[in-house]
Amino acid sequence: MNFQGSRRRGEDGITMAIDFLLSNARLVLGVGGAAMLGIATLVVKRLIERAGRAADDEKVEQKMAESWEELSLVSSSPTLIKKGIKGVVMKHVAKATRQQKADLCQQHQTLPLEVQPKPESKSKRLQLCVLSLQERLQQYYHTRAALAPHEVQRAQSLALDMCTEIQGFLHSRHPDMPLGEMSLGGSLLDDLQVVSADHACLLVPLQLEASLWRLIPGEETLLTHPLHWMVRRVNLEYFPRGRSYWDRYLVGGYLSAESVMNMFSKAVMETINWPSISSTLDCQVRPVLGGPDLRVEIRPGSEGADSTDPPLFISMLPLLREEDVALTCQPELTSPWVNAWHLSLYPWETQRLTQLDSADDGCRRHTLKILKAVCKLNPALRALEAAPLANLILHLSDSERDWSEVSLDVRFQQCVTELIGYLEQGALHSYFKPAVNLLSSLSEDQVDQIGFMLYCAVSEPEILLI
């Protein structure tokens with residue numbers, strides 16, 4: 001007897017019921033109810049699979065009880081699941097389950113014996129089901145998250161060529177501008193970029209006279225924001241304005257990040273001969289104007305030529321360095337304060353992750369790349385940036401010591417659960433600056449979408465790896 005085949009023919013009944021419930025879930029039940037219903041749907045799927053393999057009604061009822069126990073593990077959220085939602089979901093799902101069971105039994109009685117499928121006719125999806133979560137995570141990392149070495153080398157080579165061209169142009173057109181050696185930075189250099197090597201960052205260090213300038217922490221400024229630092233001009237009574245090249249970009253006694261950014265936009269983006277650089281690099285190079293940052297787009301091949309390689313976006317990032325402090329010129333992050341500079345925590349986070357992994361041969365960076373790829377490829381999670389994910393792992397490292405490769409699946413599931421908790425609280429505090437909430441930029445609708453997807457992934461983490 002082929003119960004497997006009859007079960008596939010009987011899927012339409014419950015599929016229609018579940019599709020109807022899911023399509024109207026957010027309207028009728030709200031966000032918490034929709035999350036609960038999504039999880040319940042996955043549990044029903046498991047229930048039916050178990051029922052199909054059961055030999056008698058007692059085993060069926062036992063498996064049903066086990067499935068509802070699984071559901072109870074994720075049904076206790078006090079902030080997302082409203083009063084009465086659980087009863088509504090259980091009522092609809094139980095009704096759909098009874099109908100599905102009746103359909104399965106009826107079709108099972110009328111099914112011919114000769115329709116039993118051959119083992120080799122199983123779908124690819126069923127074949128993948130035999131993989132454990134650990135194996136799926138490793139497969140996802142190598143096929144989706146990790147970049148091919150030749151792709152990284154190509155992107156780094158283009159970025160370094162562009163770095164040489166821009167630095168040579170600035171030295172020839174503005175020889176008196178005190179700049180340090182430009183270099184490549186960011187996730188491409190640190191092997192933390194995922195999915196595709198499509199962006200790079202060129203660091204442009206500004207050189208300030210130590211006796212004329214002072215970097216003021218954000219907590220000591222009028223802004224009181226820990227990431228909004230200011231750069232004050234000092235010793236004006238001994239060294240009046242004009243003694244420093246950067247005095248021309250003073251606003252109210254402070255070095256204005258917005259003025260510096262406007263200067264580089266005019267000096268580089270609007271002045272450099274891009275067609276000449278395109279000819280030199282044998283690529284299509286053009287500035288991306290109108291955006292908040294200094295960005296250049298590079299497309300491999302000459303004009304009009306077809307190429308399968310994706311475009312590479314290279315951003316210029318002016319910054320100030322003093323010991324381990326790196327202040328970046330990013331007005332889009334410090335607006336509307338024209339004098340504020342952004343304290344970058346990325347170097348500290350990256351260094352800390354590397355130190356922890358080196359000390360115990362852990363997989364923290366490995367886990368971070370998987371999480372970044374999942375968020376980049378899943379539309380519902382795309383609003384989650386790299387910083388919250390990195391800090392999530394850093395916080396978790398304080399309580400969990402086992403980050404070996406064999407525990408990758410456990411740590412991944414734990415990251416999902418922890419992230420749901422932070423979303424419910426509405427805050428994920430920075431590891432190095434606890435006053436900073438890394439979830440503050442998310443809208444209420446984005447939190448709802450992210451929370452719904454993660455709730456569904458609690459019982460079926462594989463849905464994040466599709």
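Predicted model: local features only at pLDDT ≥ 70, side-chain atom pairs only at ≥ 80, totals over all residues.

User: Why is Phe432 called partly exposed?

Analyst: Buried means under 20%, exposed over 50%. Phe432 has 29%, so it is partly exposed.

User: Why does Trp348 count as buried?

Analyst: The cut-off for buried is under 20%. Trp348 has 18% relative accessibility, so it counts as buried.

User: What makes Tyr245 and Tyr249 a tilted pair?

Analyst: Stacked needs planes under 30 degrees apart, edge-to-face over 60. The planes of Tyr245 and Tyr249 are at 55°, so the pair is tilted. The ring centres are 6.4 Å apart, and pairing needs them within 6.5 Å.

User: What makes Trp348 and Phe432 edge-to-face?

Analyst: Edge-to-face needs over 60 degrees. The planes of Trp348 and Phe432 have 70° between them, with 5.7 Å centre to centre. Trp348 lies in helix H13 and Phe432 in the loop between helix H16 and helix H17, so the pair ties together parts 84 residues apart in sequence.

User: How do you know that Arg233 is buried?

Analyst: Buried means under 20%. Arg233 has a relative accessible area of 5%, so it is buried.

User: What makes the link between the side chains of Arg233 and Asp247 a polar contact?

Analyst: A polar contact has its N or O atoms within 3.5 Å. The side chains of Arg233 and Asp247 make theirs at 2.7 Å. The Arg233 side chain also reaches the backbone oxygen of Pro240, at 3.1 Å.

Technical notes:
Residues numbered from 1 in each chain as written. Heavy atoms only, no water. Buried < 20%, exposed > 50% of the residue type's maximum accessible area, 1.4 Å probe, protein only. Polar contact = N/O pair within 3.5 Å; in protein donor to acceptor, adjacent residues only side chain to side chain. Phe/Tyr/Trp six-rings, centres within 6.5 Å; stacked < 30°, edge-to-face > 60°. Helix = DSSP H or I, 4+ residues; strand = E, 2+ residues; numbered from the N terminus.
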